[in-house]
Amino acid sequence: MAWDIIISDIDNTVIDPSERLSPSGEFIPKLWMKDKPIPEIINPIRTLMKRGYKVVFLTGRNIKEAPYTLLSLIKCGVILPDELGDKAFLIHHRLKGILPNIEYKIKFVRKMIERGLNPILWIEDTFFYEKPSADKLRNFTKSAGITFIEIKSKKDYANVSKRLESLLLNLT
Ligand SMILES: [Mg+2]
């Protein structure tokens, strides 16, 4: 249990960042106060954290955005300030666009497993993934024995929430 980990993406998974996109579609980190929570996903994650699971928020955002990410997660009620580094961990992309988002995430999770951590659940939206990337993620989680909770569109939140709630009943 101590090393059982929940992995969750951030954007469009626990946080809706759509209000801080510039008209040209660029992401403006300083507008973090415009972020909105996605309670359908946050609530089950909060329940898991209360039960002692540690949550790794694995985002494709660059490390430079880390302070804004943290403020946004706290503002949206995803985590409490004192949970960071204890129950919640925040992992940003540290490379300069060398690896596509999903490759970097899979590489990170592989390392977690090599080091004895046990990711049991991975929650991720695949809104903007090309099919090969989404397939890569589906295949990786399957081969690693990780339950993959995929959010394919905004319409999926309610169903995914139900799926998470039923999973919670089976987890201790
Ligand atoms: Mg996302």
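Two strands pair if DSSP finds at least two bridges between them, and strands themselves are DSSP runs of E with at least two residues, while helices are runs of H or I with at least four, both numbered from the N terminus. Residue numbers start from 1 along each chain as its sequence is written. What you see is a predicted model, in which local features need pLDDT of at least 70, side-chain atom pairs count only at pLDDT 80 or more, and totals for chains, interfaces and linings use all residues.

**View 1. Strand 4 pairs with strand 5 and with strand 1.** Strand 4 and strand 5 run parallel and are joined by 5 bridges. Strand 1 is also parallel to strand 4, with 4 bridges between them. Follow Val56 of strand 4 here: Phe89 in strand 5 stands opposite Val56, and Ile7 stands opposite Val56 too. Ile5 has Lys54 in strand 4 as its bridge partner.

**View 2. Helix 2 lies across strand 4 and strand 5.** Together, strand 4, helix 2 and strand 5 make a right-handed β-α-β unit: with the strands pointing away from the viewer, the path from the first strand over the helix to the second runs clockwise.

**View 3. The largest nonpolar core has 31 residues.** Such a core is a set of buried Ala, Val, Leu, Ile, Met, Phe, Trp, Tyr and Cys residues joined through C-beta atoms within 7 Å. Among the members that touch the most others are Ile7, Ile41 and Phe57. Helix 1 gives the largest share, 4 residues. Leaving aside neighbours within four places in sequence, Ile41 is in contact with Thr13, Val14, Ile123, Tyr157, Val160 and Ser161 (contact: C-beta atoms, placed from the backbone, within 7 Å).

**View 4. Pro119 sits in strand 6.** Pro119 counts as buried because it has 20 C-beta neighbours inside 10 Å; the cut-offs are 20 or more for buried, 12 or fewer for exposed, and partly exposed in between. Not counting residues up to four places away in sequence, Pro119 touches Ile5, Ile7, Val109, Met112, Ile113 and Ile146.

Definitions and conventions
Contact = placed C-beta atoms within 7 Å.
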